[in-house]
Amino acid sequence: VMGEDNRAPSQEELQQMKDLVSKALKDGAVGLSTGLLYVPGTFAKTDEIVELAKVIAPYSAVYTSHIRFQDGRVYESIAEAVEIGRQAKVPVEISHIKIKGKNSWGGSPKIIQQLEQYRKDGIDVTVDQYPYTAASTGLSVTVPTWAQAGGRDSLKVRLNDPSMRKRIIDGMEELQNKLGFEDYSYAYVANCPWNADYNGKSIPEINKMKGRPAGEEYERETILEMMEKGRRVQMIYHYMGEEDVQNLMKYEGTMIASDGGIPAFGQGNPHPRSYGTNVRVLAVYVRNKKLFSLEEAIRKMTALPARRFQLNDRGLLLPGYAADILIFDPEKVQDKAEYSAPHAYSEGMKYVIVNGEMVIEKGNYTEQKPGQILKGSANTPITKYPN
């Protein structure tokens with residue numbers, strides 16, 4: 001409705017957005033999602049989102065959010081998501097919960113305490129997480145969002161103005177300081193659409209390839225040059241702590257979700273989460289680290305997300321439910337995807353049955369495609385799940 005403008009909507013624009021949300025729910029959407037870290041979602045104020053979230057309340061739908069900040073400001077960002085749910089009277093789901101940046105490591109107990117208090121107060125809030133200490137998103141998160149308002153052409157105009165360029169660089173330094181890293185060695189290119197030689201390289205390594213001196217001030221210039229190319233560069237950011245990953249994973253309100261796309265096998269250097277998320281939980285955190293039971297892991301991957309998104313005949317092995325069944329040996333399953341070699345399928349999933357049809361048999365793909373589009377419960381009765 002508003003493109004990438006950094007402003008509040010008019011009443012007419014807000015109504016247009018409400019109408020789109022309403023139509024989507026009637027068409028089968030499971031809820032409303034926002035990406036408040038990213039342009040243009042970042043420009044939406046809390047009251048605007050509340051008005052949109054109120055539209056989904058009659059549908060028993062969920063508000064799910066990539067919250068505004070995941071560094072030291074994560075607590076206030078969680079609070080905003082919960083406040084939206086509170087005012088709109090809808091459940092809240094916080095996407096891929098994490099604490100990023102060395103300055104904020106160790107804050108996971110505070111997050112859990114915060115979530116537990118909200119639940120005691122009657123707010124239905126859950127989170128999801130992937131089992132890695134690295135995130136993956138665009139290069140744009142290293143640049144202040146205000147500088148990206150209006151799209152790439154507007155960014156280029158600002159970068160060509162010396163005073164504005166300095167302001168952008170100062171903003172990049174401020175973002176970097178919040179994380180607590182001395183340079184950008186934690187940031188690796190997953191896929192650069194216009195230079196495959198950058199794939200798998202860190203920003204300091206690319207900076208060196210360009211013949212620049214070492215140092216974050218030069219690395220920032222390298223980032224801006226890459227941003228000016230105008231095509232999205234996908235990155236991997238190694239900025240979470242393992243202790244926080246484990247603490248958040250153990251929390252009973254945490255689901256397992258990859259936050260990954262479906263990469264073309266062998267292309268680029270994507271995050272290994274697209275290949276290994278669920279099996280990594282089973283192999284590393286259940287079998288090896290014994291962080292929680294196998295049954296709890298399965299609940300986090302199946303019943304909990306099915307209940308959260310009102311997929312009424314999924315997530316449990318019960319009469320009348322879809323026959324989605326996975327058969328594996330918990331002592332043999334193993335993720336194989338690594339950051340340096342991410343294109344590797346997990347091992348040990350011997351049988352996969354989707355809607356009653358065999359999709360993987362004895363470890364081999366049968367080429368059957370029985371999957372279905374799953375729609376929300378806007379026009380269907382809400383199933384009562386067993387305890």
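This is a short tour of a predicted model, stop by stop.

**Stop 1: a cis peptide bond**

Select Val39 and Pro40. The peptide bond from Val39 to Pro40 is cis. Its omega is near 5°. Where does Pro40 lie? Pro40 is in the loop between β1 (31–35) and α2 (46–56).

**Stop 2: two residues with positive phi**

Move along to Ser60. You are now in the loop between α2 and β2 (62–66). Ser60 is not a glycine, yet its phi is positive, at about 55°. Check the surface here: Ser60 is partly exposed, with a relative accessible area of 32%.

Now jump to Lys290. This residue is in the loop between α10 and α11 (294–301). Lys290 is also a residue other than glycine with a positive phi, near 55°. Is Lys290 buried or exposed? Lys290 is exposed, with a relative accessible area of 65%.

**Stop 3: charges over rings**

Select Phe69 and Arg73. Arg73 lies over the face of Phe69. The distance to the ring centre is 3.6 Å.

Next, select Trp194 and Lys229. Here Lys229 lies over the face of Trp194. This time the distance from the ring centre is 5.1 Å.

**Stop 4: aromatic pairs**

How many aromatic pairs does a search of the whole structure find? The search finds 10 aromatic pairs. One of them joins Phe265 and Tyr275. Show both side chains and turn the view until you see the two rings. The arrangement is edge-to-face, with 85° between the planes. Centre to centre, the rings are 6.1 Å apart.

Why does this pair tie together separate parts of the chain? Phe265 lies in the loop between β8 (254–256) and α10 (273–288), while Tyr275 is in helix α10, so the pair links parts that are 10 residues apart in sequence. Now compare the two partners. Phe265 is partly exposed, with a relative accessible area of 47%. Tyr275 is buried, with a relative accessible area of 14%. The cut-off for buried is under 20%, so Tyr275 qualifies.

Then select Phe181, Tyr184, Tyr186, Tyr237 and Tyr239 together. Ring pairs link these residues into a cluster.

**Stop 5: an open sheet**

Switch to the cartoon view. Find β5, β7 and β6. They make an open sheet of three strands. Read across the sheet and the order is β5-β7-β6, with antiparallel pairing. Which strands stand at the edges? They are β5 (135–138) and β6 (187–191). Each has a single partner strand, so one side of each is left without a neighbour in the sheet.

Zoom in on β5 and β7 (residues 234–237). These strands pair in the antiparallel sense over four bridges. Pick out Gly138 and look across. Gln234 in β7 stands opposite.

**Stop 6: two packed helices**

Two packed helices are described by the angle between their axes and the distance between the axes. Select helix α6 (residues 162–179) and helix α8 (residues 216–228). They pack at an angle of about 115°. Their axes are 11 Å apart. How does α6 run relative to α8, roughly parallel or roughly perpendicular? That angle makes α6 roughly perpendicular to α8.

Terms used
Residues numbered from 1 in each chain as written. Predicted model: local features only at pLDDT ≥ 70, side-chain atom pairs only at ≥ 80, totals over all residues. Heavy atoms only, no water. Phe/Tyr/Trp six-rings, centres within 6.5 Å; stacked < 30°, edge-to-face > 60°. Buried < 20%, exposed > 50% of the residue type's maximum accessible area, 1.4 Å probe, protein only. Lys NZ or Arg CZ within 6 Å of the ring centre and 35° of its normal. Pairing = 2+ DSSP bridges. Axes fitted to C-alpha atoms, helices over the stretch in contact; angles between N-to-C directions. Parallel < 35°, antiparallel > 145°, perpendicular 65-115°, else oblique.
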